[in-house]
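Dear colleague,

Please find below the structure that I am handing over to you.

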Amino acid sequence: MTCDEFRALALSFAGTTQAPHFDRTAFKAKRIFATLAADGRSANLLLTPEEQEFYSGVDPAGFRRLPNKWGDQGWTCATLADVDAGLMRDVLAKAWQLASPAKPARSRRK
């Protein structure tokens, strides 16, 4: 996967915007769900710790835990050249869902 493919894929999710974020490009729904490195080689993705462990096991060359407190929370680094586009779509969908939770239904009072 290239950085241009990653960018197009991230922006394909409803309500996603792109903005600078320190030395990276952030992709945001209600909150940031992915960032793209300035060199275009890697991206950081918002996952649960369980999802992080799963995807790191499925593709250890492509996904790894960030080695800091963000990684403890599930943030995962993807090496774009090592990740298949179909798998990245699945992972980005998970990240997008975490960043854009559905509003709880309001109860109606009678």
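**Aromatic pairs and cysteines**

In this predicted model, W70 is exposed, with a relative accessible area of 52%. W75, by contrast, is buried, at a relative accessible area of 11%.

A search of the whole structure for aromatic pairs finds six. One of them joins F6 and F27, whose rings are 5.9 Å apart from centre to centre, with 75 degrees between the planes, an edge-to-face arrangement. Because F6 lies in helix α1 (residues 3-11) and F27 in strand β2 (residues 24-28), this pair ties together parts that are 21 residues apart in sequence. Both F6 and F27 are buried.

The rings of W70 and W75 have centres 6.4 Å apart and planes at 85 degrees, so this pair is edge-to-face. An angle over 60 degrees is what counts as edge-to-face.

I turn now to the cysteines. How many disulfides does a search of the whole structure find? The search finds zero. C3 is in no disulfide, and the nearest cysteine sulfur, that of C77, is 14 Å away. C3 is partly exposed, with a relative accessible area of 25%, while C77 counts as buried at 6% relative accessibility.

Yours sincerely

How values were computed
Residues are numbered from 1 along each chain as its sequence is written. This is a predicted model: local features need pLDDT of at least 70, side-chain atom pairs count only at pLDDT 80 or more; totals for chains, interfaces and linings use all residues. Side-chain values use heavy atoms; hydrogens and water are left out. Rings of Phe, Tyr and Trp (its six-membered ring) pair if their centres lie within 6.5 Å; planes under 30 degrees apart count as stacked, over 60 as edge-to-face and the rest as tilted. Helices (H or I, at least four residues) and strands (E, at least two) are DSSP runs, numbered from the N terminus. Buried means under 20% relative accessible area, exposed over 50%, partly exposed in between (1.4 Å probe, protein chains only). A disulfide is a pair of cysteine sulfur atoms within 2.5 Å.
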